[in-house]
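Hi,

Here is the structure I said I'd pass on.

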Amino acid sequence: MIGAMHPNARLLRDFYAALDAHEGERMAACYADDVAFSDPVFPLLRGDQARAMWRMLCERGRDLRVTARRIEADDATGSAAWDADYTFSATGRVVHNRIEARFAFRDGLIVTHTDDFDLWRWAGMALGMKGRLLGWLPPVQDAVRRQAAAALEAWMARRG
């Protein structure tokens, strides 16, 4: 069928539509039980941690808007480019993050998900002058990762 969308491409389209709609449960349902997620802020989240991260971001990102494009997928792998526009809650600064995503699928679900973006660029938007000047330094990037991990851990603990 000409123009038919692969089921895994539909899965990705639905994943990003759920993120734009702040529907963390719907996003989590796209992931396999043993999913592995990574990005520059969360270097490796597995299973429940990965699902919880999206739930947390959907809950906290009240003004989050997501635009996905170049969604491609076959039986085994997929990719997408997506933009996230939101206010970073810790500083109140506006962020426009451009992300390239890669996926692997198993049994119609996402089993690996890797997001890539420029952490220095993100730090400049989210943290302001400190991020623009120092966001490239490993200690600053490590501090961002530690704070994000602590926020996720606290969020998960509150939900039992």
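First, a word on burial: I call a residue buried under 20% relative accessible area, exposed over 50%, and partly exposed in between, using a 1.4 Å probe and protein chains only. Please keep in mind that this is a predicted model, where local features need pLDDT of at least 70 and side-chain atom pairs count only at pLDDT 80 or more, while totals for chains, interfaces and linings use all residues. Residues are numbered from 1 along each chain as its sequence is written, and side-chain values use heavy atoms, with hydrogens and water left out.

H22 is partly exposed, with a relative accessible area of 22%. You'll find H22 in the loop between α1 (7–20) and α2 (24–28); helices here are DSSP runs of H or I with at least four residues, strands are runs of E with at least two, and both are numbered from the N terminus. H22 isn't a glycine, yet its phi is positive, at about 65 degrees. D107 is another non-glycine with a positive phi, about 55 degrees. D107 sits in the loop between β5 (93–106) and β6 (109–116) and is exposed, at 73% relative accessible area.

Now for D39, in the loop between β1 (31–38) and β2 (45–46). Its relative accessible area is 14%, so D39 counts as buried. What about a charged partner for D39? There is no salt bridge, and the nearest side chain of opposite charge, R145, is 7.1 Å away. (A salt bridge needs a side-chain nitrogen of Lys or Arg within 4 Å of a carboxyl oxygen of Asp or Glu; Lys and Arg count as positive, Asp and Glu as negative, and His and the chain ends are not counted.) The D39 side chain does reach backbone nitrogens: that of F42 at 2.5 Å, and that of V41, which lies 2.8 Å from one of its polar atoms. Leaving out residues up to four places away in sequence, D39 touches D115 and F117, where contact means heavy atoms within 4.5 Å. D39 and F117 are 78 residues apart in sequence but 7.6 Å apart in space, C-alpha to C-alpha.

Last, the helix pair. α3 (residues 48–60) and α6 (residues 138–158) pack at about 90 degrees, with axes 10 Å apart. Axes are lines fitted to C-alpha atoms, for helices over the stretch in contact, and angles run from 0 to 180 degrees between N-to-C directions. The two helices are therefore roughly perpendicular, a label for angles of 65 to 115 degrees. Among the residues that meet there are M53 and M56 from α3, and L152 and W155 from α6.

Cheers

Technical notes. Polar contact = N/O pair within 3.5 Å; in protein donor to acceptor, adjacent residues only side chain to side chain. Parallel < 35°, antiparallel > 145°, perpendicular 65-115°, else oblique.
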